[in-house]
Amino acid sequence: MPASDTRPFAAPDTIYPISNADGSPLKGTVFLKPATRHPRMTVGEYTYASAFDPPEDWAARLAPYLFDFSPERLSIGKFCQIADGVTFITASANHRYDGISSFPFAIFGGGGMEGRPSLPEPGKDTVIGHDVWIGQGAKILPGARIGNGVIIGAGAVVAGSVADYTIVAGNPAQQIRQRFSRAEVTRLNRIAWWDWPIDDILQHEGLIMAGNVAALEAVAP
């Protein structure tokens, strides 16, 4: 970007926060909160998702098993970065697998659905923290709990809980390393830069992108 570029930072209610060279919106990247209207999905401000073939329905692309009537929820925090091909496989995709068959007979008729033994119990919510980077093609399995500042490698398949500021990769996803010490993670969660006013965030962009927790802590509002 040229040093003379004076573009204002995109407002959080902007669906297409990036423009092409001709000024037209780059439709392959959206701020997800204004781009989605789903009763079982909540997204924090400035979280974006990208796709090389942008869909009409971003919620359906990202979470195809999260139906309007699903009992579970998908919650995504602020300032997350969701790459092309990421899928949140929420609990409504589950089958029973504790008996002889996993076939969902109730879906196809033969009586009402309520209380049918071929349907599983409602599953857990899927919760993604703040400032989480989810790499290309990653899959987040039902009920996953992803902490703040987590980085998920491309193609990873993530289940269970991932601690704050951890890097994971692989299938099944395994911890590669911790990004900060336990004490620093506690301080970063207390600083919670993602809750600052956007002008403060931009003023201290350099510190937020650096690795000096004490320096960021010193300027926290």
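## Exercises on a predicted model

The mean positions of the 18 positive and 22 negative charges of the protein are 6 Å apart. Lys and Arg count as positive and Asp and Glu as negative, with His and the chain ends not counted; a charge is placed at NZ of Lys, CZ of Arg, CG of Asp or CD of Glu. This is a predicted model, in which local features need pLDDT of at least 70, side-chain atom pairs count only at pLDDT 80 or more, and totals for chains, interfaces and linings use all residues. Residues are numbered from 1 along each chain as its sequence is written, and side-chain values use heavy atoms, leaving out hydrogens and water.

**Exercise 1.** State how many helices and strands the protein has, and in which order the strands of the open sheet stand.

*Solution.* Step one: the protein has 6 helices and 15 strands. These are DSSP runs numbered from the N terminus, helices being H or I of at least four residues and strands E of at least two. Step two: 7 strands form an open sheet with mixed pairing, in the order β1-β3-β5-β8-β11-β14-β15. Two strands pair if DSSP finds at least two bridges between them. Step three: β1 (29–31) and β15 (174–178) each have a single partner strand, so one side of each lacks a neighbour in the sheet.

**Exercise 2.** Find the sense in which β5 and β8 pair.

*Solution.* Step one: β5 covers residues 81–82 and β8 residues 133–134. Step two: they pair in the parallel sense over 2 bridges. Step three: Q81 stands opposite W133 in β8.
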